Amino acid sequence: MNLLEVQDLKKHYPIRAGLLQREVGRVRAVDGVSFHIAKGETLALVGESGCGKTTVSRCILRALTVTSGAIRFAAKEGEFVDLATLPKRQVRPLRRHIQMIFQDPYASLNPRMLVGDIIAEPLKVNGVPAAERRDRVTELLELVQMPPGARSRFPHAFSGGQRQRVGIARALALNPKLVVADEPVSALDVSVQAQIINLLLDLQDRLGLSMLFVAHDLSVVRHVSDRVAVMYVGRIVEVAPTDALYRAPLHPYTEALLAAVPAPDPARRGHRRIAQGDVADPANPPPGCAFHPRCPYAIDRCRVDRPELTPVSDGRWVSCHRAEELDLAGVR
Amino acid sequence: MSAAALAPPISVAEDRYAQATQLQLTWWRFRRHKLAVISLFVIALFYGVAIFADFLAASDPHATDARRSFIPPQGIHLFDANGFNPHVYGLRGARNPRTFQLAYTPDPTRKLPVRMFTRGYAYDLFGFIETDIHLFGVEGGRPGESIFLLGTDQLGRDLYSRMMVATRVSLFIGLAGVTLSLFLGVLLGGISGLYGGWVDMFIQRVIELLRSVPTIPLWMGLAAALPRTWSVLQVYFAITVIISLIGWTDLARVVRGRFLALREEDFVIAAELSGASQGRIIFRHMLPSFASHVIAATSLALPAMIISETSLSFLGLGLRPPAVSWGILLQDAQNIQVLSGAPWLLSAAVPVTLVILAFNFFGDGLRDAADPYG
C-alpha cells in the first residue's frame with residue numbers, strides 16, 4: 001500500500017535579467033523525480049548539497065509551488081489526492097497528515113515560546129481542546145524521552161539534541177501519516193546524532209512511522225531507512241533496498257558516496273574512489289549523464305546520451321549506461 | 001537513555017534562566033550596558049520635567065516685563081548671618097550712560113528668601129488639576145521680582161521657566177511624531193514585506209523618492225504652505241505630520257527587512273506546516289520576534305524627530321511664538337549682537353544635546369539587548 005507516489009516532479013526556478021525581467025534561463029533544481037513511499041516505510045533521499053533533495057521535500061510539503069508533475073498522497077485509505085495541483089486553500093486541511101522535522105534545531109523552535117506551547121501549537125491550530133492538549137504534550141515529551149518539566153522552559157535552556165527532540169515531538173503531535181525529516185541529525189554532534197537516530201528507530205517501531213529521510217551522506221541512512229534513493233543534480237540516479245545498495249551499488253555516484261562513508265577499519269582505506277570536482281550547476285547541467293565529468297567509468301556515450309532510470313532487478317532502479325557491466329565496490 | 005538521564009540537573013539559578021521570558025532576557029542584557037542605563041535615567045528625568053513643567057517653573061514663562069530684560073543668571077546664596085537661609089539679592093537696574101544698556105547690580109541689602117512650594121502663577125497640573133503651587137520661588141519682594149536661575153531674555157521672561165515648558169513641547173512633539181511614523185512605518189513596511197511583488201516594489205520606490213528629497217527645502221515648502229491663520233495647536237499638529245512624513249521611511253525599511261528575514265525562518269515555516277492561519281503566524285510568531293527591533297529603531301528615531309522640530313523652529317518654519325520649544329528659545333540666540341550681550345540665551349542648546357545623546361546611547365543599548373538570542 002503506497003502512502004505517497006511522486007511522479008515526474010519538476011521544480012524549476014526562472015533566471016530573470018534585464019529591465020523587463022525576461023526569463024533567460026532556468027535552474028532545474030528538481031528535474032523529473034519519481035519515487036514512492038509505502039505505508040510504514042522509510043525512504044532515504046541522499047545526495048550532495050545542491051542536488052535538489054531539500055527542494056523535493058519542500059515540494060511534498062507544498063512549502064513550494066511545483067512546476068510540474070504529480071504528488072499523490074493517500075490522505076484517506078486508498079484515496080489519493082494530488083498535492084501538486086491542489087489549490088493552497090485545500091492543502092491546509094491536509095497539512096496535519098504530513099509533518100516535518102527540521103535540520104537546524106536552533107532555528108526551528110520559536111525562541112519566544114515555551115517548549116510546551118511549541119509542541120502544542122499544531123494541536124491548538126487544529127482545534128484540540130486545552131485539557132486534551134496538556135495530556136498530549138505530556139505524552140509526547142515522554143515519547144521523545146524528555147523530562148516533563150521541559151514544557152515550562154524556553155528553548156534556550158536546551159542543547160541541540162534536546163531541541164531536536166522537541167522538534168520531533170512537535171512533528172508527531174498530530175499523528176501524521178508521513179514525516180519528512182530534512183537532515184534531522186546533520187546539525188548535531190556525532191554522539192548526539194546516534195541518540196536521535198536511536199529515537200527515530202524507536203518511534204518507527206512503536207508508531208509505525210512512514211518517513212522521508214533526507215540526508216547528505218550515507219553513513220546515517222543505513223540504520224533508519226528501508227530503501228534509499230540517490231539524487232544527483234535534480235534527478236534520481238539509483239533506488240534500491242538499503243542492504244542491496246550498500247552491498248553492491250549500481251551507479252558510480254553511489255559508489256563514490258559509499259567511499260565517503262568513514263570506515264572503522266584502516267586496512268580498507270586504500271581503494272577508495274571519492275568523486276573529484278564539484279556538483280554540476282543545475283542551471284547549466286552537462287549534456288548526457290550529468291555525472292560524466294566526475295565519473296571514472298565514463299565512456300563517449302555518457303557525454304551525449306542521458307540515461308533513463310530503468311528497473312534492473314527486484315526493486316532496484318538505476319540510470320547508468322554501464323550498470324550491467326561495472327562491478328562497483330560497496331561496503332560491508 | 002532514560003528520561004531521567006537526560007533531565008538536566010535543575011538548580012535555582014538555571015531554572016530562572018530557563019523560564020526567563022524575552023523581556024527578562026532583554027532587561028538582563030540591557031543592564032550590563034552602563035551608559036544605556038544612565039541614559040535611561042536621563043530620559044526619564046527629562047520626561048519627568050516635561051510632565052511637571054509648570055510645577056518646576058518659577059515664574060510665568062509668558063509674562064513679559066521691559067524693565068527686567070537681559071538679566072544675567074542669578075546665584076542662590078544659601079547662608080546669611082542667621083545661618084541657613086537660601087535667598088537671592090534684589091536687583092537694581094540702571095542704564096549705562098555710555099552704551100545705554102540696562103545693567104543690573106545686585107542689592108545685598110534686599111534679600112529675597114527662596115522657599116519651596118510657593119504660590120505663583122496659576123496653571124493646570126496634568127491639564128486638569130487647577131493649582132498655583134510651584135516647586136520653588138521667592139517670597140515677598142516687589143511685583144516683577146523673582147528668581148532668574150538662567151537669566152531672562154529680551155522681553156524679560158525667565159529663561160529657566162521657559163526652558164521647563166519648552167521641554168514639554170519639544171519632547172512630546174518628538175513622541176507624537178515618532179508614534180505617527182511608527183504607525184505608518186509598521187503598516188507600510190509590513191505590507192511591503194508580507195506581500196512582496198509589485199506592492200513591495202512600489203512602496204520601496206516611494207521610500208527612495210522621499211529620502212532623496214533634501215529635507216530642509218521640503219520642510220520649508222510644507223511649512224510655508226501652512227496658513228498663517230492657524231492656531232498654535234494646529235501648527236503644532238501640522239509640524240508633527242511634516243516631521244513624521246520623512247521619519248516613517250526608516251522604520252518601514254526595518255519592518256520590511258524583518259518580515260522578509262522571518263518569512264524564511266524555520267519556525268515560521270513550521271507554524272505554516274502545522275496549519276496555522278496567516279494571522280496567527282504574523283501575530284504569534286513574526287511580530288513578537290521583531291517587536292524589540294522596532295522599539296530600538298523607534299528610540300533611535302526619536303532624537304531625529306526632536307532635532308527636526310528644533311531646527312525647523314530655529315529657522316522660523318516650525319512652531320511660532322507664543323508657543324515655547326527648544327527651537328524657539330534658540331531662535332533668540334540667532335543674533336550675534338544679542339548673544340554677545342546675553343550669552344546665557346544659548347543654554348537652551350544644553351538640554352537638546354543632552355537628550356539627543358541620551359536617546360542615542362539608550363537606543364544603542366536597547367538594540368544590542370533586543371535580540372537576546374542573537
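Two strands are taken to pair if DSSP finds at least two bridges between them. The model is predicted, so that local features need pLDDT of at least 70 and side-chain atom pairs count only at pLDDT 80 or more, while totals for chains, interfaces and linings use all residues. Residues are numbered from 1 along each chain as its sequence is written, and chains are lettered from A and ligands numbered from 1 in the order in which they are written.

**View 1. An open sheet of 8 strands in chain A.** The strand order is β6-β7-β8-β3-β9-β10-β12-β11, with mixed pairing; strands (E, at least two residues) and helices (H or I, at least four) are DSSP runs, numbered from the N terminus. From one strand to the next, the twist averages 25°.

**View 2. The pairing of β11(A) with β12(A).** These strands run antiparallel and are joined by 3 bridges, β12 covering residues 316-318 of chain A. A:P311 has A:W317 in β12(A) as its bridge partner.

**View 3. Helix α9 of chain A packed on the sheet.** The helix (residues 252-259) touches β3 (42-46), β9 (227-232) and β10 (235-241) of chain A. Its direction makes about 105° with that of β9(A); axes are lines fitted to C-alpha atoms, for helices over the stretch in contact, and angles run from 0 to 180 degrees between N-to-C directions.

**View 4. The mostly covered helix α1 of chain A.** In this helix (residues 53-60), 8 of its 8 residues are buried, meaning that 20 or more other C-beta atoms, placed from the backbone, lie within 10 Å of the residue's own. Among them are A:K53, A:R58 and A:I60. A:R62, which follows α1(A), has a positive phi near 55°.

**View 5. The side of chain B that touches chain A.** Here 24 residues of chain B are in contact (C-beta atoms, placed from the backbone, within 7 Å) with 31 residues of chain A. α1 (3-6), α2 (12-18), α10 (266-273) and α11 (278-314) of chain B each supply at least two residues of this side, and α10(B) gives the most, with 6 residues.

**View 6. Domain 1 and domain 2 of chain B.** Domain 1 spans 38-51 + 163-370 and domain 2 spans 67-156, with bounds from an automatic or database domain assignment. Their centres, taken over C-alpha atoms, are separated by 37 Å. Between the domains, 8 residues of domain 1 are in contact with 8 residues of domain 2.

Terms used. Two residues are in contact if their C-beta atoms, placed from the backbone, lie within 7 Å. A residue is buried if 20 or more other C-beta atoms lie within 10 Å of its own, exposed if 12 or fewer, and partly exposed in between; C-beta atoms are placed from the backbone.
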